[in-house]
Amino acid sequence: SDHDLIPSSPAAMDWSQHYPAFAITPPSSTPNNDPKTTTPEPNNQAPITQISKSVEVADIGCGFGGLLFALAPKMPSTLILGLEIRTSVTEFVQEKAKALRLQHASSDGLYQNVSCIRANSMKFLPNFFVKGQLRKIFLCFPDPHFKARKHKARIVSGTLNSEYAFVLAAGGKVYTITDVEDLHLWIVEHFEGHASFERVGEEELEGDECVETMRRETEEGKKVERNGGRKYVVVFRRLEDPPWP
Ligand code: SAM
């Protein structure tokens, strides 16, 4: 169900399972088995191991993770997370991350910073991230849901854009790409019409390597390339919240 493994709040999420290389080892490493001094965890939950960083980049609807694995070595000290609703696809990405970590363990140690969780991003984003936590959100080739009565299933809407605004830091960016013109226009309308975002200009996009990576390395981007299709890229910046009147 949707409730599998969804933390009740970001503080309840054990990120060390996803990024073990970033886990903080507790200062006292001597095991304490004395029943008089060990405190049972509330609700019998396993204790959470903290990590030294927080996730700053999210790829929403990451599919098989082409973008994640292209970005990971470019920003090795930034934690990158894919969110994907399909269980088998999520497992594929998790296994691929483990395999790449092993392959790179004795050389450059790369891919420790990339992982994936199964989640319905339309419902649970604030369960994973605190306000202002993220610097980049990628929405790459979202399902177009062509028919008007299906538009509510689109991952861009006034309500969802408010959630993206909540989890993004001021100055953070939402990167979007699609090959469907109608969806592109929808994306522009819903972000430009949202008080927390402004559209990033073309010159700035040219100097941003994330844009090129998104065009080239997503599975869908490659498919569109093979078919000679057009790709619509638009990036939006999270504005500072205005001061209270
Ligand atoms: N971003 C990838 C790319 O560009 O190659 C995959 C694009 S694919 C067309 C859309 C992906 O979004 C699918 O893998 C789908 O399972 C996932 N997805 C759809 N709705 C979702 C939701 N509400 N939460 C998380 N993932 C979702």
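Modeller: Start with terms. Ala, Val, Leu, Ile, Met, Phe, Trp, Tyr, Cys and Pro count as nonpolar, Asp, Glu, Lys and Arg as charged, and the others, Gly among them, as polar. The model is predicted: local features need pLDDT of at least 70 and side-chain atom pairs pLDDT 80 or more, while totals for chains, interfaces and linings use all residues. Residues are numbered from 1 along each chain as its sequence is written.

Biologist: How do the residues of the shell around the ligand divide?

Modeller: Eight are nonpolar, six polar and five charged. The shell has 19 residues, and the closest include Gly61, Cys140 and Thr218. A residue is near a molecule if its C-beta atom, placed from the backbone, lies within 6 Å of it.

Biologist: Which elements each supply at least two residues of that shell?

Modeller: β2 (79-84), α3 (121-128) and α8 (219-226) do. Helices (H or I, at least four residues) and strands (E, at least two) are DSSP runs, numbered from the N terminus.

Biologist: Why is Thr218 called buried?

Modeller: Buried takes 20 or more other C-beta atoms within 10 Å of the residue's own, exposed 12 or fewer, and partly exposed lies in between; C-beta atoms are placed from the backbone. Thr218 has 25 such neighbours, so it counts as buried. Its place is the loop between α7 (209-217) and α8.

Biologist: Why does Glu220 count as buried?

Modeller: Glu220 has 20 C-beta neighbours inside 10 Å, so it is buried. Glu220 lies in helix α8.

Biologist: Which residues does Glu220 touch?

Modeller: Cys140 and Phe141, not counting residues up to four places away in sequence. Contact means C-beta atoms, placed from the backbone, within 7 Å. Leaving aside neighbours within four places, Thr218 is in contact with Gly66, Leu67, Cys140 and Phe141. Cys140, Thr218 and Glu220 are among the residues that UniProt lists for "binding site" in an unreviewed entry. Such annotations may be inferred rather than shown by experiment.

Biologist: Why is Asp143 called partly exposed?

Modeller: Asp143 has 14 C-beta neighbours inside 10 Å, so it falls in the partly exposed class. Asp143 sits in the loop between β4 (134-140) and α4 (158-167). The unreviewed UniProt entry annotates Asp143 as "active site".

Biologist: What makes a nonpolar core?

Modeller: Buried Ala, Val, Leu, Ile, Met, Phe, Trp, Tyr and Cys residues, joined through C-beta atoms within 7 Å. The largest core here has 47 residues, and Ile80 is one of those touching the most other members. β4 gives the most to this core, five residues.

Key
Contact = placed C-beta atoms within 7 Å.
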